[in-house]
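Reader: I have a structure open and would like to go through it. Can we start with a loop?

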Amino acid sequence: MPSENRKRALVLSGGGGRGAYHVGVLRFLEEHEWQPDVVVGTSIGAVNGAAIASGHNAYSLWSLWQRLRTQDVQKANLNPLGGNFLLDTAPLRETLQRDGWVNFDRINSAEASVHLRVTATEVNTGHLHVFGNSADVYPSRMRLEPLGLDHIIASCSIPIVYPATQLHENLYWDGATVANTPLGPAIDAGAEEIVVVLMTPWEEDEEYETETPGNLLSAASVTLEWALLASFQADLKLFRRINDLVRLEVENARLRATNLLLVEKIRAGQDIDLEDADGDGIPDVFQNKFQALPDPIIVSPRKPIPVEQIVRYTREGHEKLYEMGYQDAKRAWKESGRQVEGE
């Protein structure tokens, strides 16, 4: 499994063809010597996350994106009346393997570049599942198992637009269906410093409008777009309001782990250190001190990106999004009080 260092987490949202935005953000972070230890990816974020876990950096990942076209990702469903989706993702499967986007042997080994988490929504229950290539630090429902192409494609399976993906015995849709930018998996993995990358303006005191959908495909995309935004805003509110609870949960998790260790020592007849240096009546072994996590750095565009770019992959579009991601990362970095190199 990857290095045990888990301080920094990069959370990559869904957004289909707008994924080049992630790469621009990654370029800025790398220029400022900020390297993620944990990557949580949803939908196209799962694709980029798997590429990072495979060893790609912003430079090599951008090279792949520059060559990516719509026909490399999807094709028309020739029998739309016989299914519940408009586009087939078979080309994406082939592209990810053929062009070197992912290396699952590396992802599932000690050579993995990061602790990877990908999300998918179980069709029959609506439950969000988190799959990972390493164990979490804190108790969670993350499913630790060898990650494969089906995990990534499942995370990208936008309802109506793409077919659901079979994984194990269940069908899965896009993880963004219920949680586009989940903070929980990053925290469970042990992260203390989180950068979130959205491809939708998120400020709660701002109002944004998208163009009126002109067809079924754009209507599905707009519906998902607003669902994505609402899920993140709810997630962030929860994060901010229960930061103290997060701290307590972290403490309780560690105390439970300490209790288990003490029980094992007692059973093995080992000596136990019950020193109480501060005299508060509680042995120091039960009293680790924790700090609340800082708010995540949120990178997002100022204005909505055209919704049709969810299903459109063009070089011109990638270049605009790549530069936009870089500039938005710079702005968010400054707003967080950090120094931008060269300024």
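This is a predicted model: local features need pLDDT of at least 70, side-chain atom pairs count only at pLDDT 80 or more; totals for chains, interfaces and linings use all residues.

Reader: What is the phi of E33?

Author: Positive, about 55°, although E33 is not a glycine.

Reader: And is E33 buried or exposed?

Author: E33 counts as exposed, because its relative accessibility is 66% and the cut-off for exposed is over 50%.

Reader: Which other residue has a positive phi although it is not a glycine?

Author: S43 is one, with a phi of about 60°. S43 is in the loop between β2 and α2.

Reader: Buried or exposed, that S43?

Author: Buried: the relative accessible area of S43 is 3%, and buried means under 20%.

Reader: What is S43 in contact with?

Author: Leaving aside neighbours within four places in sequence, S43 is in contact with G14, G15, S155, C156 and D174. S43 is also among the residues that line the largest cavity.

Reader: How many cavities are there?

Author: A search of the whole structure finds five of 30 Å³ or more. The largest cavity has a volume of about 90 Å³.

Reader: Which residues line the largest cavity?

Author: G16, S43, I44, V73, T89, L92, C156, I158, Y162 and Y313. That lining divides into seven nonpolar residues, three polar and no charged.

Reader: Let's switch to helices. Which residues of α3 are buried?

Author: Helix α3 covers residues 58-67, and its buried residues are A58, L61, W62, L64 and W65. Seen down the axis of α3, these buried residues fall within an arc of 160°, so they line one face of the helix.

Reader: Why would residues three or four places apart point the same way?

Author: Because an α-helix has 3.6 residues a turn.

Reader: What covers the buried residues of α3?

Author: The cover includes α1 (20-31), α2 (44-53) and α10 (315-335).

Reader: And what happens at the start of α3?

Author: A side-chain oxygen of N57 reaches to within 3.1 Å of the backbone nitrogen of Y59 there.

Reader: Is N133 buried or exposed?

Author: N133 is buried, with a relative accessible area of 2%.

Reader: Which backbone atoms lie by the side chain of N133?

Author: Among them is the backbone oxygen of V114, 3.3 Å from a polar atom of that side chain. The backbone nitrogen of L116 lies 2.8 Å from a polar atom of the N133 side chain.

Reader: Now the whole chain. How many helices and strands?

Author: The protein chain has ten helices and eleven strands.

Reader: What share of the residues is buried?

Author: Buried residues make up 53% of the 343 residues in the protein chain.

Reader: And how many of the contacts with a separation of 6 or more are between residues 24 or more positions apart?

Author: Such pairs account for 75% of those contacts in the protein chain.

Terms used. Residues are numbered from 1 along each chain as its sequence is written. Side-chain values use heavy atoms; hydrogens and water are left out. On a 1 Å grid over the protein atoms alone, a cavity is a set of points where a 1.4 Å probe fits but cannot get out, and a pocket is an open set with protein on both sides within 12 Å along at least five of seven lines; lining residues have an atom within 4 Å of a point. Grid points are joined across faces, edges and corners, and a volume is the space filled by probe spheres set on the points. Ala, Val, Leu, Ile, Met, Phe, Trp, Tyr, Cys and Pro count as nonpolar, Asp, Glu, Lys and Arg as charged, and the others, Gly among them, as polar. Buried means under 20% relative accessible area, exposed over 50%, partly exposed in between (1.4 Å probe, protein chains only). Helices (H or I, at least four residues) and strands (E, at least two) are DSSP runs, numbered from the N terminus. The arc is that of the directions from the helix axis to the C-beta atoms. Contact means heavy atoms within 4.5 Å. A polar contact is a pair of N or O atoms within 3.5 Å; within protein, one must be able to donate a hydrogen and the other to accept it, and residues adjacent in sequence count only if both atoms are side-chain atoms.
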